[in-house]
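Here is my note on the model you asked me to look over. Please keep the structure open beside you as you read.

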Amino acid sequence: MEIMETASGEMQQVRITVDGGKASLRIGGIDYSRVVSGYTIHQQAGQAPDVVIQLAKGRNSPDFDGYARVAVGVPYEPGPAAAHFLSAIDAGLLEKAALARPDLDGGPHGFTKAVLAQLQQWARGEFDQVQEMS
């Protein structure tokens, strides 16, 4: 999740009340309950609390009434990270690794499945096969 913060150090009045299974969230006196479906309150001892608001379906949490820095959670877009990861892949090494996979089959799209499986393995940080091929 990408966090978009309010202006640095700017505190806003936050009031969260829970009545049964329904929560009400007000920031600066404005009710955001209809557009907010989740939030997180985090506070370190001696520090002002941080409230992260999620604009997606979420859960309710306990009541809160006080001042906090407010950040809005934006759903994470994996595209830029995936593009960065893929730009670092050596095509020849990927082809060799995919062809050497024990799960490579001769069925429809078998090679493509092997390439995707190899990329997933590397994305998880599993590079054993790379060292063996070097």
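The points below go from the whole chain to single residues.

1. This is a predicted model, in which local features need pLDDT of at least 70 and side-chain atom pairs count only at pLDDT 80 or more, while totals for chains, interfaces and linings use all residues. Residues are numbered from 1 along each chain as its sequence is written, and side-chain values use heavy atoms, with hydrogens and water left out.

2. The chain has 4 helices and 7 strands, and along the sequence these follow the pattern β-β-β-β-β-β-β-α-α-α-α. Here helices (H or I, at least four residues) and strands (E, at least two) are DSSP runs, numbered from the N terminus.

3. Of the 134 residues of the chain, 22% count as buried, where buried means under 20% relative accessible area, exposed means over 50%, and partly exposed lies in between (1.4 Å probe, protein chains only).

4. Arg101 sits in the loop between α2 (91-99) and α3 (110-123), and Arg101 counts as buried because its relative accessible area is 13%. The side chain of Arg101 also makes a polar contact with the side chain of Gln121, at 2.8 Å; a polar contact is a pair of N or O atoms within 3.5 Å, and within protein one must be able to donate a hydrogen and the other to accept it, while residues adjacent in sequence count only if both atoms are side-chain atoms.

5. Ile30 belongs to strand β4 (residues 30-31), and with a relative accessibility of 46%, Ile30 counts as partly exposed.
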